[in-house]
Structure formats: C-alpha cells, structure tokens
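Please look over the chain contacts and the domain arrangement in the model below. My notes follow it.

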Amino acid sequence: MALLEMKHIRKSFDGLEVIRDISLQVDQGEVLSIIGPSGSGKSTMLRCATMLETIDAGEIWYLGEKTAWVEPDGTMVYPKGERLKKAHSCFGLVFQNFNLFPHFSVLKNIVDPMVHNQKKPKAEAVKEAMDLLGRMGLADKADAYPCQLSGGQSQRVAIARALALNPQVLFFDEPTSALDPELTGEVLKVIRSLAELHIAMVIVTHEMNFAKEISDHVIFMDKGMIEVEGSSEEVFSAKNDRMKAFFGKLEH
Amino acid sequence: MSFQVMMQQLGSGLLRSIHIFALTLLFSLPLGLLVSFGRMSKNRIIRSIVWIYISVMRGTPLMLQLLAVYFGPFYIGGLKLGTMWRFTAIIIAFSVNYAAYFAEIYRSGIESMPPGQYEAARILGYSRTSTFFRIILPQVIKRILPSVTNEVITLVKDTSLAFSLAYAEMFTIAKQIAAKETSFMPFLAAALFYYVFNAIVAFGMERIEKSLNYYT
Amino acid sequence: MKKILAGVLCTAMAASLLGMSSFADETEAAGNGLAEDGKFVVGFDAEYPPYGYMDDNGDYTGFDLELAAAVCDLEGWELVARPIDWDSKDMELGSGNIDCIWNGFTMNGREDSYTFSVPYVDNSQVIVTAEDTGIASLDDLAGKIVGVQADSAALSLLEDGGDQADLGATFGELQQFGDYNTAFAELQAGSLDAVAIDIGVANYQIAGREGYVILDEYLNSEQYAVGFKLGNDALCGIINADLATLLENGTFDEIAAKYEDMGIPADMLCLAESLGVEAETEADA
C-alpha cells in the first residue's frame, strides 16, 4: 500500500492553472525529489499534499484512506474528525522559512506540539526532544530562542520539530533556499542522515546534486505538469529539451 | 480646608478614578479582542455592524457616549434608572468606547502576523483555538504593547469625563475644592496625582514590555 | 468563530435588556413623590459656594443643603446631596435621578420649565471688576469683554431676549466660562474686564480674594427657589409647608445666621415676605 497517492490533481489561482492533472505516489521509506524551474507548481503541489491548499480536482489518499477529494458538484471535501486527524498525523512539513515559533525556546518549539497536541507526558517529550537536538548537533541550543540561531541552525530545529511528531512522510519545501550558501551543507547533511533511517521524504529543491544523490525517484515539473519522471539516473540522463534548458540556466 | 483634608479628599477621588480605570481595562481588553474578530469576520453583515460600531465609538466624544448610555434607557426606553445605574453606565460607556480602540489595535497586530505561523501550527496539529491562544496571541501582544500603553495612559486622564454623570472622581473633587477655597492649588495637587498615577502605569507597562524582550 | 461571536453578541444584548427591565421595576415604587423611597435626592453644583460646596472636612454643605437637611429632619427622609454637572441638570431632573434642584436656583424666567417652591432668597445679578479698571457703572462696560457662567441666570439676562439684552448688546464680547475660579483668574490676568454673577456668589468670591469690587448698579433683582420637575406639585407642596415650619420654629434664621458673613446677608432673605404674600393671597381667595 502506498503511503501517499495523489490522483489527477488540478489547482488554479485566479483562473491561472498552476497544476494540471498531476498524479504521483510515495511508498514507505521512499525519497522523492521534485525539481523544476520557479513557478512550475512544485511548491503548490507540496502545499496541496499537506492540505495547506485546497484542490480543484482529483483525490489525495494517505495510507489507503481518501483524505481529500472533489465531489461531482465541484466542492472539495475533507473527511470528518478523527479520519482527518489521522491523515494529518502521518506527515510533517519543513518550510523554506523555518516558521519556528519565536516566543518559544528551541526546546519548547519541539516539545509543545508533542505535549499539547499528541498528549505525550512532558518528561518523555523533553527526553525525545533532547535526543533529536543531539542528533542535529544542537544539544547546547535547547534553551536558546529562534532569534539567536543562524539560518542553518533554525532549519535543523524545524526538522527536529517535524520529526518529533513521528511522521511517516516528511515534506521539505525548498529547505535550503533561504540559507546562505555556506549553511546549506549542514542542513543537507541532516536530511541525508534521515534517508538512512528510511523515513519517506518528499523534497522540493533546487540542489540538483543533492537530489541526484539522495533520491529513489525524481519528478521534473514544468508549467504545472510532470515533464520527466523516473529513477534518479533515468531523469538526470534524460534528453528532454525543457530539462536541458533548465539545467542550462542553472549552470550560468 | 487643611492640606491633609484636601489630600484625603483627592485621595478618595483618586480611588474612584482607579476604580473606573481598572474595571474599564478589565472589560474592554477582552471585549476589544472579540470586536476585532467581528471586524475581521468573513460574514459581511457582522463585519459591517462592527465597522459601524467602531466608527461611531471613535467618531463621537466619549462624554456624549456617557450621557447616551446613562440617560438613554430613560429617554428612549422610558425605564427608571436605579441608583446603581450611574456607575454601571460609566463602566459600560468607558468599556464599550475603549474596546473599539483596542479592537483596531488587536486587528493591526493580528493582521501583521506572517501566515507561516498559522501554517506551521496547522501542520504541527494545533487546533484553531490553540493556534490563536498559544501561538498567535502571545506574539500579537508583544507587537501591540506600545499602542496599548498609549491608550491606557489616555484612559487614566479620560476618567475625569465621568463627571458629566456626576461621579465624583478626582478631577471633580479638585474642582469642588478649588471653588470652595477660591484657589488653583487643588488643581496642582490633582495634576501631581494624575502624573504619579500615570508614571506608575507607564512603569508597569515598561516592565511588561521588557519581560517580552527575550525574543524578537 | 462566527457562531461564538454571534452568541456573545446575543447574550450581551439580552443581558442589557434584562438589566434595563430590572430598573423598570422601580418605576412605580415611589409613593410620596420621591425618586427613591425615603430618600430626598437634591441635585446641586458643588462649585457654588456658599449655597452648595465641599466644607473643610470634605463633606457637602451650604446654605441650601442645610435647609434641605432640615426639611428631611421634619419629614424623616434621608438626604442625598448629589453633586451634578450643571449642564446636565435638566436631564438629571427629567429622568428622576434627582428630586429637585436646590442650589441658588433662580426662578425668574424659568417658570415655564420647572415647578418652583416659594422663593427664599432675594438675589441680584451684579457686575464684578478688578479695582483698577476704571469701570464704575454699567455704561462703562460698553465695548468691554464680560464673562458669564454657561447656562446661568446672568447669561439668560444678558442674551437676546433677556431683560438686560440691550446692555448685553453694548458689550465688546459676552464670554462664557465654566467655573468661577477660572473666571476670576481671567479677571486678574486681564483677559476679562468684568464678570456678571449672582450677588451671593460674588460676595463669597470677593471675600476670599484681594482687589475686586462689585458695581453699585445691579443688573436686576430676582429670586431663588427650589426647582422641581414641571408638574410635581405634590412634592413642591410638602417642601413649601416645611419651609413655613422652619421659618416659624426659627430653624431658617438659625441656618441663615451661619451664612451671614459668607455672602448671604440678612437683607437677602425673603422667605418670610414670600410666605406672607402667599398667606394674603390665600386670604383674598
């Protein structure tokens, strides 16, 4: 059974169709990268998958359960109550801009959702959070506030915060785009280490070498459609004109 | 009248002023939050009603509102006003007036919050209510505190308007003593009382601001 | 959120209606014509010594309030001295928050708006100036700036339609002020040339200050009485009878003696006269 299935998704903003009939699938432990030029609909795709955006057509399934769909009359439907909650609890999202809570300490950023939303005992939550921070190399920053962290540190905290809720699939929305070039390395290293743990990941990124190296599956999107799709080697060696144009621009 | 009696009288007036001040804040701060929700409501009717309410409250003198709240039930509704109504009317008029100002301050603070905070909270499983009270409101409070301080200090001075409903707060007492003594001294004393009152309020607000300075 | 808001608004409305109706219950409670049972609520301007003011101990007193207290003693009522904003006196009286205005209240010219008791003080409106201004008569006021308290008897006298409107027209400007302290400060500072006020108040103010005089020529003479809501003859009748009793048993003169040096000399009292006149009228009828 697939972890996530998106079927024939469409999405328009003000009459402009940014996602045109896209389907994709993510299996347990699989790493999927979505690459493509700016404005190709990659991030919107991710926001639809995490239910931050509604969809205009299609269906989204998590763990074999339908969690978003469009009725024949055009209205979009989420399941009610517990079923929606369950769907939400299977995924986490790491934002481009981290979106840490500035009024919470690093530790509380991680612990508060565990205690408040997952009802974990506080002591247990703190222990888990400290373990995660240690794995991120940030154990000494537990009492710091987000404003005292570098971009790379902030993003690592955000990753720890997402991991703490034990998601089965973790989405990354251009996780290194807001960082200075010298800080991207530390974040990519952390993401790589997660792949070894066999957590499923969906990564929207501009880091081509990184995507090539880490992905089981790669999707190249352009103008709201999947242009090329396949294993890492297949995609990066494909002879697609649009892809060539895209890589050509990246090199300059 | 001896200096001591004058100070005692002004002091009792000050207590009445503080009474108005404290009750007004107690009611208008939460009410303002509620009004700001109405102002930002998706329902067009609620939004318009609240818009009208805010514009009337900010567009007419507080003294007029005091008279309207106090005498309105009698002259419009033909209802007899009990003895308790005088003070109640003052607190209602002040609270309803200040809630309008606070609502606009809350609104500006809430609207200045980046959408990413809501999105992160949603992904992390916070309900809408917890998102607001745990994530958004604490940050909003920090952002709006300087504007709130301004209003609170204005409120200290506005308490003297309660005289239009014959409520003997400090400024009224000062005027009465001044009339009796044919002297301006009581006004000086009253000014000093107001200044000290405001200095304490400003100090308290500054302490709160500082206590929120641990993050930016 | 919408539902919560709507709920709260409805609750608030319901609560305010309930609140009002609880006030409504009191409407018909008054049996003796008083606003509150057993309480005689006197509205007065606490910045109007010697008739109503705050005394050395911080209590409200004055010639008029002492008279009101004596009436309450006779009737077994509880006196409530309620200082009011003079500008709101009609609303306070009209809505029944106070039973009467008893506060050096000029009856002349206001007969159509209030029910008045028998007059008890002969008052005059006079002109006060600083000693060194060279103003000696009413004619000297031509072109001068004259101050008058807002909503006062002196104002209605000097305004269009008043008995001294012609004199008022000769003034450079008729300027309204809120309280006497400010007016006297303006006199001193020279931004006012003269002030038109009640003689009793003038006496009191001048006694506490240096360098002011009252012009020998008065603007008029008028009378003070207790003002009731128009048509409240029942309460007015009780007060009239009590005033007669107080005159008879000497209480009125006792109280008046205390204020002789505070701006109300004996020659201003007219209760005996007005009661006598009334007695004659009754005898004629």
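The points below take the chain interfaces and then the domains of chain C.

1. This is a predicted model, in which local features need pLDDT of at least 70 and side-chain atom pairs count only at pLDDT 80 or more, while totals for chains, interfaces and linings use all residues. Residues are numbered from 1 along each chain as its sequence is written, and chains are lettered from A and ligands numbered from 1 in the order in which they are written.

2. Of the 2 pairs of chains in contact, chains B and C share the most contacts (two residues are in contact if their C-beta atoms, placed from the backbone, lie within 7 Å). Chain A and chain C have no contact, and their closest C-alpha atoms lie 18 Å apart.

3. The interface between chains C and B takes 34 residues of chain C and 34 residues of chain B. On the chain C side, the elements giving two or more residues are α1 (2-24), β2 (53-54), β4 (78-83) and α6 (180-189); α1(C) gives the most, with 6 residues. Helices (H or I, at least four residues) and strands (E, at least two) are DSSP runs, numbered from the N terminus.

4. Chain C is assigned domain 1 (35-120 + 225-284) and domain 2 (124-222), with bounds from an automatic or database domain assignment. The C-alpha centres of these domains of chain C lie 25 Å apart. Their contact takes 15 residues from domain 1 and 12 residues from domain 2. On the domain 1 side, the residues divide into 8 nonpolar, 5 polar and 2 charged.

Note on methods: Nonpolar A, V, L, I, M, F, W, Y, C, P; charged D, E, K, R; others polar.
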